[in-house]
Amino acid sequence: MSVAELKQMIDVKEDFVLIDAHPTEEYNLAYIDGARHFGFQSNHLGNWEKDVAMPNNPTKEDYRAVLGSDKNKKIVIYCGLTKCGRSHNAASWAKKLGYTNLYRMPGGISAWIDAGYSYKTNLNK
């Protein structure tokens, strides 16, 4: 999915789930308003404990709670850059958990910011 397509979905208030797959430190720097955070590693190893990049050892149930109960609802996942594997890892786990309507925004937050779209930060200004 392109940055422009995601922006249009947000502008028309389409009902979907937006996941930011960055580790917490990077999520806090910049994220798209409305994104739910669940951090993953760049490399998909197929091992939950090694693939997740979040403190407190979240479970698959925690990820399901972030994704929501509707396994057919549109889910868009992004990370940092075109070559960032975090969104791929997050999408792979969502698919393993039974979610079917998955999209990735490969340019990630960098492409979003480069397009001039607004973003949120958790850093003190």
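Biologist: Where does Asn57 lie, and what makes it count as exposed or buried?
Modeller: In this predicted model, Asn57 sits in the loop between α3 and α4. Its relative accessibility is 67%. Exposed means over 50%. Asn57 passes that cut-off, so it counts as exposed.

Biologist: What is phi of Asn57 near, and what sort of residue has this value?
Modeller: Phi is near 45° at Asn57. That is a positive value, in a residue other than glycine.

Biologist: Which loop holds Lys13, and why is Lys13 called exposed?
Modeller: Lys13 belongs to the loop between α1 (3-11) and β1 (17-20). Its relative accessibility is 72%. The cut-off for exposed is over 50%, so Lys13 qualifies. Lys13 also has a positive phi, about 60°, although it is not a glycine.

Biologist: Why is Lys73 called partly exposed?
Modeller: The relative accessible area of Lys73 is 22%. Buried means under 20% and exposed means over 50%. Lys73 falls in between, so it is partly exposed. It is found in the loop between α4 (60-67) and β3 (75-78).

Biologist: How do you know that the side chains of Lys73 and Asp15 make a polar contact?
Modeller: The pair is separated by 3.0 Å. The limit is 3.5 Å for N or O atoms, so the pair qualifies. Beyond four places in sequence, Lys73 is in contact with Asp15, Phe16, Val17 and Asn101.

Biologist: How far apart are the C-alpha atoms of Lys73 and Ser92?
Modeller: They are separated by 16 Å. Along the chain, Lys73 and Ser92 are 19 residues apart.

Biologist: What makes helix α5 largely enclosed by the rest of the structure?
Modeller: Helix α5 spans residues 86-96. Eight of its eleven residues are buried, so the rest of the structure largely encloses it. The buried set is Arg86, Ser87, Asn89, Ala90, Ala91, Ser92, Trp93 and Ala94.

Biologist: Which elements do the buried residues of α5 pack against?
Modeller: Their partners are α2 (24-29), α3 (48-51), α4, β3 and β4 (102-105). After α5 comes Gly98, with a positive phi near 100°.

Biologist: Why is Asn89 called buried?
Modeller: Asn89 is found in helix α5. Its relative accessibility is 0%. Buried means under 20%, so Asn89 counts as buried.

Biologist: How do you know that a polar contact joins the side chains of Asn89 and His44?
Modeller: The distance is 2.5 Å. The cut-off is 3.5 Å, so the pair counts. Leaving aside neighbours within four places in sequence, Asn89 has contacts with Phe40, Gln41, Asn43, His44 and Asp51.

Biologist: How many helices and strands does the chain have, and what makes it as compact as a globular protein of that length?
Modeller: There are six helices and four strands. The radius of gyration is 14 Å. The globule rule gives 14 Å for 125 residues. The two values are close, so the chain is as compact as a globular protein of that length. From the N terminus, the elements run α-β-α-β-α-α-β-α-β-α.

Biologist: What box do the C-alpha atoms fill, and what percentage of the residues count as buried?
Modeller: The box is roughly 35 × 30 × 25 Å along the principal axes. Of the 125 residues, 42% count as buried.

Biologist: How many positive and negative side chains does the chain have?
Modeller: The chain has 16 positive and 14 negative side chains. The centres of the two sets lie 3 Å apart.

Technical notes
Residues numbered from 1 in each chain as written. Predicted model: local features only at pLDDT ≥ 70, side-chain atom pairs only at ≥ 80, totals over all residues. Heavy atoms only, no water. Helix = DSSP H or I, 4+ residues; strand = E, 2+ residues; numbered from the N terminus. Buried < 20%, exposed > 50% of the residue type's maximum accessible area, 1.4 Å probe, protein only. Contact = heavy atoms within 4.5 Å. Polar contact = N/O pair within 3.5 Å; in protein donor to acceptor, adjacent residues only side chain to side chain. Rg over C-alpha atoms; globule rule 2.2 N^0.38 Å. Lys, Arg positive; Asp, Glu negative; His and termini not counted. Charge placed at Lys NZ, Arg CZ, Asp CG, Glu CD.
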